[in-house]
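Take a look at the sequence and the structure below. This report goes through them step by step.

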Amino acid sequence: GSTALMIAADRSNTTSSIETVKTLIAAGANVNEKNNRGSSSLIKAFQRRTTTSSVETVTVLLEAGADW
C-alpha cells in the first residue's frame, strides 16, 4: 500500500498537499519508501508535474533526500 507521504505527493496539485508533504517529512516520513508497485513519493509527485504545486513538491522531496 501507499504511505501518507505517497498519497500527499500524488495529490500535490494543491497548496494544502504541499504543506502536508512538508509536515510529514518534518515528522520523519521516509522519503524513499516504496509501495508494493515499486513507486516512491518522488515518482508519485513527478507523475503530477504539470502544475506549479507538484513541481514544488518534487523539489521539496529532492531536498529531503528522495531518490528514484
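## A pair of neighbours

The side chains of Asp10 and Arg11 join in a salt bridge, with N and O 3.8 Å apart. The model is a predicted one. Opposite charges on side chains can pair when the charged atoms come close.

The two partners sit in different surroundings. Asp10 is buried, because its relative accessible area is 17% and the limit for buried is under 20%. Arg11 is partly exposed, with a relative accessible area of 47%.

How many salt bridges does a search of the whole structure find? The search finds three. One of them joins Glu19 to Lys22, whose closest N and O atoms are 3.9 Å apart. These residues lie three places apart in helix α2, so about one helical turn separates them. Glu19 is partly exposed at 41% relative accessible area. Lys22 is partly exposed too, at 33% relative accessibility.

Lys22 also forms a salt bridge with Glu56, and here the closest N and O atoms are 3.5 Å apart. This pair links distant parts of the chain: Lys22 belongs to helix α2 and Glu56 to helix α4, 34 residues apart. Together, Glu19, Lys22 and Glu56 are linked in a network of salt bridges.

## A closer look at Glu56

Where is Glu56 placed? It lies in helix α4.

Leaving out residues up to four places away in sequence, Glu56 touches Ile18 and Lys22. The C-alpha atoms of Glu56 and Ala45 are 9.2 Å apart, and eleven residues separate the two along the chain.

## The nonpolar core

Now turn to the nonpolar side chains. The largest nonpolar core has eleven residues. Among them are Leu5, Ala8, Val21, Leu42, Ala45, Val60 and Ala66. Which helices each supply at least two residues of this core? They are α1 (4-10), α3 (41-47) and α4 (52-63).

Val60 is one of the core residues. Its contacts include Val21, Lys22 and Ile25, not counting residues up to four places away in sequence. Val21 is a core member as well. Lys22 is the residue that bridges to Glu56.

## A buried serine

Ser40 is found in the loop between α2 (15-26) and α3. Is Ser40 buried or exposed? Ser40 counts as buried, because its relative accessibility is 0%.

What does Ser40 touch, not counting residues up to four places away in sequence? Its contacts are Met6, Glu33, Lys34 and Asp67.

## The whole chain

The protein chain has four helices and zero strands. Along the sequence the pattern reads α-α-α-α. Of the 68 residues in the protein chain, 37% are buried.

Take the contacts in the protein chain with a separation of 6 or more: residues 24 or more positions apart account for 66% of them. The protein chain exposes about 3,900 Å², and carbon and sulfur atoms supply 49% of that area.

How values were computed
Residues numbered from 1 in each chain as written. Predicted model: local features only at pLDDT ≥ 70, side-chain atom pairs only at ≥ 80, totals over all residues. Heavy atoms only, no water. Core = buried A, V, L, I, M, F, W, Y, C linked by side-chain atoms within 4.5 Å. Buried < 20%, exposed > 50% of the residue type's maximum accessible area, 1.4 Å probe, protein only. Contact = heavy atoms within 4.5 Å. Areas by Shrake-Rupley, 256 points an atom, 1.4 Å probe, with all protein chains shown as cover. Salt bridge = Lys/Arg side-chain N within 4 Å of Asp/Glu carboxyl O.
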